[in-house]
Every structure is written in C-alpha cells, then in structure tokens.
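Thank you for making time for this today.

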Amino acid sequence: MRSPLRPHPEAAPELGELSAHVGPEQLAGAAVAFTHGLVVQTLLDPGRFSEDAQVAPLDGFLASLVAS
C-alpha cells in the first residue's frame, strides 16, 4: 500500500509542497497508518466519526506536513 504513495512525498519537497524533514518511505507509512487508524475508529464508532469528524484530523495531519 505504501508503494503507490511513495512518488508523491518524493516529488513534494521539490515542488515546495512538503518539507523534507521526513523521508518518503516514512511519510508513506505514516499516511497509511493514519488513514487505517481513522477507518478503524470510524468502523468501531460510526456515530462519533461523521464525514466532518474524519476530515478535520486528516486536514490537521496534512497541514503538519506542509513546508514552512
């Protein structure tokens, strides 16, 4: 699952979209782990994890990766 994601974090620092503080393999793994965790939480407690409740932490995760 990480392999298809890896080209994106490899290219993003060159485009100024992400900082280079984390390697592409680590970032791909973190993205997969984050989204899987969110899916599991949604499956276990769907009433608490509406669409908006899923988007907010994802936005926060992605914002933490943006180059400053």
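Arg6, with a relative accessibility of 33%, counts as partly exposed, a label given to residues between the cut-offs for buried, under 20% relative accessible area, and exposed, over 50%, with a 1.4 Å probe and protein chains only. Please keep in mind that this is a predicted model, in which local features need pLDDT of at least 70 and side-chain atom pairs count only at pLDDT 80 or more, while totals for chains, interfaces and linings use all residues. Residues are numbered from 1 along each chain as its sequence is written, and side-chain values use heavy atoms, with hydrogens and water left out.

How many salt bridges does the structure hold? There are 3, where the term stands for a side-chain nitrogen of Lys or Arg within 4 Å of a carboxyl oxygen of Asp or Glu. In one of them Arg6 pairs with Glu10, the closest N and O atoms being 3.1 Å apart, and Glu10 is partly exposed as well, at 38% relative accessibility. Arg6 also meets Glu25 in a salt bridge, at 3.7 Å from N to O. This second pair links distant parts of the chain, since Arg6 sits in the segment before α1 and Glu25 in helix α2, 19 residues apart; helices here are DSSP runs of H or I with at least four residues, numbered from the N terminus. Through shared partners, salt bridges join Arg2, Arg6, Glu10 and Glu25 into one network.

That brings me to Arg2, whose salt bridge with Glu25 has its closest N and O atoms 3.0 Å apart. Because Arg2 lies in the segment before α1 and Glu25 in helix α2, the pair ties together parts that are 23 residues apart in sequence. Both are partly exposed, Arg2 with a relative accessible area of 42% and Glu25 with 37%.

Leu5 is found in that segment before α1 too, and leaving aside residues up to four places away in sequence, Leu5 touches Ala28, Ala31 and Val32, a contact being heavy atoms within 4.5 Å.

Which residues of α2 are buried? They are Leu27, Ala28, Val32, Leu38 and Thr42, and they lie on the same side of α2 because they cover an arc of only 135° around the axis, taken from the directions from the helix axis to the C-beta atoms. These buried residues pack against α1 and α3, whereas the face turned away from them carries the exposed residues Gln26, Ala33 and Leu44.

Definitions and conventions. Helix = DSSP H or I, 4+ residues; strand = E, 2+ residues; numbered from the N terminus.
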